[in-house]
Amino acid sequence: MYLASLHFLLRRPLALLALLLAAATATHAVTNDELLPANLVGKTLTCTYSAGTPNTLEATNNFTIQFTSASTYVRTSPLIQTEGGTYSVLDSSIAAATGNRATTIQINNNWLSQGSSTAILLVLTQQNGFGAYAASEFFNPLKNTGGLFTLSGSTSGGGGTVTTAPVVTSATTATATVGTPFTYQITATPAATSYTNAGGNAPIQINPSTGLVTGTFTAAGTYTFSYTAVNSVGGTKPTVVTVTVTGGTTGGGTVASYAGTYTGSIFVANNGAAETTLSTFSGTVSTTGALVAQGGEVTGTVNAAGVVTFAANGLGLSTGTIVNRQLSALGAPTTLGTTTRVFRISATGGTTASLATAPANFVGYRNKVGSVYQFTVTGNASGAVWGTDVYTDDSAVATAAVHAGVLAVGETKTVTVTILPGQSSYAASTRNNIKASSWGAWSGSYSFAGAGVVAGTSVAAARPTIAPGYSFGATSYAAGGRLVLPISVVGGGTYSYQWYFNGGLISGATTNPYIVDTLTTANAGTYTVDVTNSLGTSRLTAGTITVGASGSPTLALQPISKTVVPGATFTLAASATGTGLTYQWLRNNTALPGETGAILLRNNASANDSGSYAVRVTNSSGTVTSNAATITLSANASRPANISVRTNVASGALVTPGFVIQGSGSKRVLIRAVGPGLAAFGLGGTMADPKFTVFQGSTKVAENDNWTAANVGEAFAATGAFAIAAGSKDAALVTDLAAGKDYTVQVTNASGAGGIVLIEVYDADALKGTSTSKLVNVSVRGQTAPGDDVLTLGLVIGGTGPRTLLVRGVGPKLASFGVTGTVADPRLQIIDSQGRAILGNDDWGSADFVSELALATNYVGAFALDAGSKDAATLSLVEPGAYTIQVSGTAASPTGEALVEVYEVP
């Protein structure tokens, strides 16, 4: 598990090139830029292994790869069926020693090798100015680790009629308005035949055929996107476009998501009688959060959490909420003569234009299982997708939606998504010209309502049934709320729907999802739906819901199950919408005395703390009880097991990673600073003689220059650390550190010179046989720069059960602590051991569930980030495994001091 993380920490091109074979001559001379993936389009690379035992499935010991477009390849082998798929660039850099470009390509859609699907990397490097490329199928143990690719096809990139690659002529700046659809047309001379989104923080999609850029911004600020344009000769380098967005808020962007027109009714109840309609309600919420209704008689403001604060208006209203486009407010009783009146507002947003744009994926939604969301999505054909009908939560939403059939490429519409738990497997299929890959167990998933076929042949394979793994989770609502009830089915073909309530047909209810804009108690009951395709009709149960009184609580965050080490700390959290809320936590259906907050905290967990937990939320209008969460005690509960950082330390400088130990007693740790030991991975320019000092506060508690102790070697094997040659100049020691304290490790070169060094801290309690403490917070501050010098933190989560992590990439905020030269706009990315970028963030205010992120920040004791700042942060539920966390700058400001932090949220 650690070695998987190490591949991403080490300098990939140089490490892999050390494994490659010498090249032969080729058909024609090539330039460095022909190695850019965009310039490989239309060319064929033929591989002939030059040594080793032939693969049993490739007896002739060769195969070819034809790059047919900017997003697909075709691989041909004498004994293996041709397969297509997608690839992505991991690195493209110039080797300092030779001046030659090395491009590392990961092929994402795997082919079978002796019954198991295995991803590979191809490393292409120019050989003596000719079109021969050394290569290594590095992640496939069934293949030899060396080979020779020979470029065929003309230097014009496939023999097209044009003679030069495109040159971009469109502007590199643009403007947009919050809530108004944005368009931008890419132009180039000569014309391009395809366009690829090359990244950025702008919420846009690029039509791969026409180059039309579309999207809708939900917050004011400055955004960027980048693209490449390709024709038959070659492609452009990424062009960056800066978009200035006005008309919204810069304080995180969520206020603007409530903008729109709201219509409904104002109700009044006199002297306790049944309420009647006083008047219709019609009002607007601006992108800045200002509410104006009834000709200006009712006014208020909306904050980022959807809470409405009313101005004096005679209705006795002080606060309300907007949830799922539903504005609900309940006034306090007012007395006029002998009449006591209570006013209530219930209004629904009459426009979906301001619905939030879908995130890139739903990894950040893992603790929202059972929740249903509606987003604006523009279909895209270029993202990676795993699964069929139910998709891994790191699948690209815009591409999965096309695969599912809920929209077409380039089409923008509202989609309904249900967040599902992790599945044991995900099936591959090709639908609507999108190829989805298979995968094994994955920790989170989602599905779309209304899936079907929007392009190609509509062929049903079976009568409709509920998709495996699908379940509708939300069951309790308040009167006046909004119900979005989806169903996710399999069977294939084009589906039609007819909904039923308590067995009775609902006239006109023929779409998926079924929506009730304003619920009443009469809507409580069981909903079923007839789903029909060409092979027949199936009646399926969508769910049973309850509807409480108007203003009663509605749960927005459910507690989640956890595995906890005995003696450790854990928390359970819940939140609900409504006014005057009180909480009561239950364990095994028994109320826990004194546990009446939204967060339940338990220290020194024991057997008395294991069991089933739920929370009961009450106000004057009703009560709702959360789903149950199970607390399981296990000595093998997940925890940070090792941290590492690889950095290039300047001459005379030092790098200082830090970590915090929580619990009781002490923790045994293995600490290493590896320089010469990196040579085994083909890495040059390493620190010749690293040494480190461990500090608790300003007190030195341990140090090492050259490792010698016998128990250190034993610790390498016990913790899974790679071996270091005896007598090397690397530094390592095993020591016991007191729990409840924070530590820093200062690393320098004994000679004062700089170089690349890998700094590691391992949980080595396995050597003691006991553990009463754990690592809960790790960080490193240093310079980030493009390419191999990006600030990178490696993290291994060991044990069993998921763990919630708060991950931050801080730049601008460091200035308030006296740090100069900070990176202006840090960008955060979390990569798993498979090389999948599962989660990222640019500006923390645009993170998923920013209010929960702020709560977690306060809870773990991290310093607060400024509203509207360019610092990055994300909150994620992750499974045990190896992760790489990178903080980089922008193209305009790529270099500067940055801080990367990881906190365990109990």
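How many cavities of 30 Å³ or more does the structure hold? In this predicted model, in which local features need pLDDT of at least 70, side-chain atom pairs count only at pLDDT 80 or more, and totals for chains, interfaces and linings use all residues, the structure holds seven such cavities. Residues are numbered from 1 along each chain as its sequence is written, and side-chain values use heavy atoms, with hydrogens and water left out.

A cavity is a set of points, on a 1 Å grid over the protein atoms alone, where a 1.4 Å probe fits but cannot get out, and its lining residues have an atom within 4 Å of a point; a volume is the space filled by probe spheres set on the points. The largest cavity contains about 430 Å³ of space, and among its 26 lining residues N367, A573, T804, L875 and V905 are the closest to its centre. Two or more lining residues are given by each of strand 46 (570-573), helix 5 and strand 67, helix 5 providing the largest share, four residues.

Helix 5 spans residues 850-860, and its buried residues (under 20% relative accessible area, 1.4 Å probe, protein chains only) are V850, E852, L853, A856 and T857. Viewed down the axis of helix 5, these residues fall within an arc of 155°, so they line one face of the helix. Their cover includes strand 44 (554-557), strand 64 (803-810), strand 67 (872-878) and strand 69 (896-905), while helix 5 is followed by G861, which has a positive phi, near 85°.

Conventions
Buried means under 20% relative accessible area, exposed over 50%, partly exposed in between (1.4 Å probe, protein chains only). The arc is that of the directions from the helix axis to the C-beta atoms. Contact means heavy atoms within 4.5 Å. On a 1 Å grid over the protein atoms alone, a cavity is a set of points where a 1.4 Å probe fits but cannot get out, and a pocket is an open set with protein on both sides within 12 Å along at least five of seven lines; lining residues have an atom within 4 Å of a point.
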